[in-house]
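Dear colleague,

Please find below the structure that I am handing over to you. My notes on it follow directly after.

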Amino acid sequence: MAQSTAALETPSAETAGGTTSTLARVTKYTLVRGVTLFITVMIGVYLTVLIANMGGYVDEIRRGEIRERVSIAVMNDPALRNLPGEEKRKLIEERIRLEEKRLGLDQPFLVRSFRFLRNAITLQLGRAQYMTSDSGSRQVRLIILERLPPTLLLFGTSNLLLFFISLAVALNLSRRYGSLLDRIFVALSPTSAAPGWFYGIFLILIFAALLRWLPFGGMVDAPPPEAPLDYGRSVLEHMVLPVFAILLSAIFVSVYSWRTFFLIYSSEDYVEMARAKGLPDRLIERRYILRPTLPTIITSFALTLITLWTGAPIFETVFNWPGLGRTLFQAIGLFDTAVIVGSTVIFAYLLAVTVFLLDIIYALVDPRVRIEGSGGGS
Amino acid sequence: MGTTLKDTLRELRKYPSALAGLSVILALVVFSAYTLITIPYQEAITLWRGGAEIWYRLPRNAPPAWINRFRSEKLPDTLILHSAEGGAEKATQPMSSGQIMIDLTYTFDFTADDFPRALALYFSPVYQEKAPFVSITWTTPDGRELRIGDFAVTRGTVFRFEQDERLQRRLRRQVGDYPAHVALFMQPESDPPVPLKGTYTLKISTVAFEEGSDLDAEFISYGQVYGIAGTDHLRRDLKIALMWGAPVALAFGLLAALGTTVTTMVIAAFGVWYSGWVDDLIQRVTEVNLMLPLLPILIMVGTFYSRSIWIMLGVTILLSIFGGSIKTYRAIFMQTRESPYIEAAQAYGAGDVRIVLRYLVPRIIPVIIPQLVTLIPTYVFLEASLAVLGLGDPVLPTWGKVIQDAQSNGALYKGLYYWVLEPAGLLMLTGLGFAMVGFALDRIFNPRLRGL
């Protein structure tokens with residue numbers, strides 16, 4: 001974040017042909033970006049599958065488990081007790097073979113990995129080995145869909161708050177450059193070196209353990225309140241600490257870098273010119289500072305979002321937030337390959353969707369895409 | 001280079017926060033060096049992974065002793081008196097019948113306003129066949145004498161005051177129905193019990209029956225506080241983890257930050273210099289890499305492969321090389337490539353590698369240094385994050401692992417705040433130290449920011 005003041009390279013916009021309509025250009029840009037991102041996600045997901053399966057290492061563990069389970073089942077089956085040892089062993093081998101075939105373990109890893117990739121891309125995420133959704137289903141898709149809304153709620157809220165608050169404060173500070181408040185924000189910006197969960201621990205300590213004002217973690221009271229209004233209030237209450245933790249960890253540095261960024265821009269000649277013309281401050285801010293810097297702001301916002309998304313597993317674990325991140329962490333504890341790959345795929349998708357959405361906004365606000373039709377070039 | 005360094009330092013002096021940060025870093029380095037010398041690697045691991053045989057002397061979950069400074073009611077410290085180490089007065093007297101009388105007298109002052117948690121005696125007798133016989137008495141400051149017990153001690157005998165039925169019965173009769181560590185220290189007739197301050201004496205009178213027999217005993221009064229760092233749920237002294245956390249954090253942070261920035265820089269430089277498909281490839285790889293969620297992948301590697309801190313370090317570097325900063329560097333190299341001095345180098349026949357490494361890369365160092373310093377805390381916290389998720393190095397004690405132990409044992413619910421605050425405070429200090437220096441360096445090396 002500290003370096004966001006340095007030249008933030010804008011995403012490359014592919015050159016559009018001779019079309020002149022803004023809509024067509026934006027659509028084309030969006031499409032090209034969409035396809036590029038999709039290919040990127042494919043490669044990313046395939047890498048994830050490779051890492052998750054460790055070139056078949058996880059399969060070995062699964063094979064071992066199948067062998068043990070089948071052996072125990074056969075040994076404990078009273079109907080088979082009188083079978084001679086040799087036959088029993090044969091039966092066990094046969095059942096293991098069937099079970100491995102059923103789980104698709106008999107195909108070579110390369111084939112399986114591509115099948116896994118196809119399924120992952122189409123969100124057919126398979127069945128979990130151990131985990132179940134709250135409704136009792138083993139479908140990874142259902143498990144993830146169940147956990148996605150809390151994550152979106154938490155990170156969506158805090159990111160939007162972070163974005164708008166820090167923009168507003170940064171603009172304000174750049175106007176009152178050198179004031180006490182400004183100096184306080186500059187002095188506090190190094191505190192953002194610590195991630196959100198770290199502040200989370202402190203906040204839990206103060207507001208949950210010492211003062212007992214707010215809950216330690218979770219998303220709603222247990223048992224969840226019946227009335228929707230009470231339910232909402234409870235969720236809000238549980239959200240205060242995590243949202244505050246994210247804000248605390250990111251706001252100072254983001255205010256600092258944007259304030260610096262605005263200050264650099266407000267010394268541009270055309271801003272001085274506007275000032276000399278006697279335009280009101282608000283107008284100068286809106287039209288001469290905010291407007292030209294908007295593409296950069298959006299790009300840097302995308303980077304912040306990605307960082308925050310990525311931190312979800314630990315953040316949600318600390319706050320016991322029943323979201324995707326904690327699911328991933330739990331799945332890893334249980335060696336549930338399907339869920340691990342599923343959640344990592346969803347994470348990759350979330351990153352891609354974030355980047356894509358911001359790209360569209362970017363295309364809409366960047367005059368180079370909108371008017372000239374030729375991008376910054378790569 | 002020498003002059004630039006001097007200039008930088010002179011510039012840094014203008015920023016008080018940078019000076020504070022520098023002194024924090026310096027202190028951490030000294031602290032790490034001290035740790036490495038006093039507790040060597042192998043010893044730290046043995047201690048931290050050791051069980052009850054190493055840590056039986058310490059109380060469980062005891063806050064550090066210095067919290068007494070902030071309390072009006074002082075909590076009792078842990079008292080360890082070993083007769084073999086001069087903790088007790090030892091009098092040996094041979095008798096005519098071949099028996100030996102050994103008297104061990106433990107004298108200590110008790111000044112706390114609360115009771116200790118438990119009392120125990122660990123005996124280490126020396127004998128051939130017939131175990132020595134001990135009689136233990138307890139003398140309070142007001143002169144009362146209480147009989148603790150009479151029994152034979154074999155090797156490995158441990159006398160736990162609270163768990164001895166006969167002692168409890170006797171104390172119930174004489175003092176009241178309280179556990180031994182309360183009954184022995186309380187003022188008579190006080191209700192609720194108030195500790196009696198003063199000098200206590202514990203006397204062990206031994207009769208040993210064989211020639212050459214001996215007896216030593218260790219008296220431990222498990223207090224409510226211990227040492228400068230306190231202890232955890234396994235009675236381990238947190239001092240070890242807190243001390244060892246410093247070199248580990250510094251090493252991880254520095255290596256990861258250096259590894260990523262230097263590699264990223266060199267790759268970006270080669271990409272720009274060769275341009276064409278090399279550059280395109282680097283750009284595409286970066287885009288894919290940005291799409292890979294770093295923490296989930298690190299978690300996967302930690303669970304499936306190895307939790308060794310060095311493997312994690314390698315994977316972190318590998319995944320961060322093609323990070324967002326490659327684009328920043330690229331933009332700078334693009335400008336530098338057009339400089340006349342590069343053309344001059346080409347004219348005298350410098351090779352590609354030479355131009356990249358000797359002419360392009362050095363140009364970007366001013367931009368790199370602040371970034372490198374600000375990156376260090378990121379990686380320090382990343383290591384802690386992994387540890388908090390239970391994926392810390394399996395053998396090394398680190399700050400993150402202490403936080404994880406505390407979290408998984410519900411330290412915050414139970415009010416054991418020191419357990420979380422100590423490692424968290426050190427992490428924060430480290431993070432702030434590097435971040436403050438990094439921010440100041442950023443302003444010094446980027447003239448556009450100067451004065452802002």
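Predicted model: local features only at pLDDT ≥ 70, side-chain atom pairs only at ≥ 80, totals over all residues.

Residues are numbered from 1 along each chain as its sequence is written, chains are lettered from A and ligands numbered from 1 in the order in which they are written, and side-chain values use heavy atoms, with hydrogens and water left out.

I begin with the interface. In chain B, 50 residues are in contact with 65 residues of chain A (contact means heavy atoms within 4.5 Å). The two chains bury about 5,100 Å² between them, 78% of it on carbon and sulfur atoms; buried area is the accessible area (1.4 Å probe) that two parts lose on being put together, summed over both. Across this interface one residue pair is in polar contact, both residues being at pLDDT 80 or more (a pair of N or O atoms within 3.5 Å; within protein, one must be able to donate a hydrogen and the other to accept it, and residues adjacent in sequence count only if both atoms are side-chain atoms). On the side of chain B that touches chain A, 35 residues are nonpolar, nine polar and six charged (Ala, Val, Leu, Ile, Met, Phe, Trp, Tyr, Cys and Pro count as nonpolar, Asp, Glu, Lys and Arg as charged, and the others, Gly among them, as polar).

One joins the side chains of Arg259(A) and Asp182(A) at 2.5 Å, N to O. This pair links distant parts of the chain, 77 residues apart: Arg259(A) lies in helix α8 (residues 228-266) of chain A and Asp182(A) in helix α6 (residues 180-188) of chain A. Helices here are DSSP runs (H or I, at least four residues), numbered from the N terminus.

Finally, in chain A, helix α9 (residues 269-276) and helix α10 (residues 281-310) pack at about 175°, with axes 10 Å apart (axes are lines fitted to C-alpha atoms, for helices over the stretch in contact, and angles run from 0 to 180 degrees between N-to-C directions). α9(A) and α10(A) are therefore roughly antiparallel (angles over 145 degrees). In chain B, the axes of helix α12 (residues 340-347) and α13(B) come within 11 Å and cross at roughly 170°.

Yours sincerely

Conventions:
Helix = DSSP H or I, 4+ residues; strand = E, 2+ residues; numbered from the N terminus. Parallel < 35°, antiparallel > 145°, perpendicular 65-115°, else oblique. Salt bridge = Lys/Arg side-chain N within 4 Å of Asp/Glu carboxyl O.
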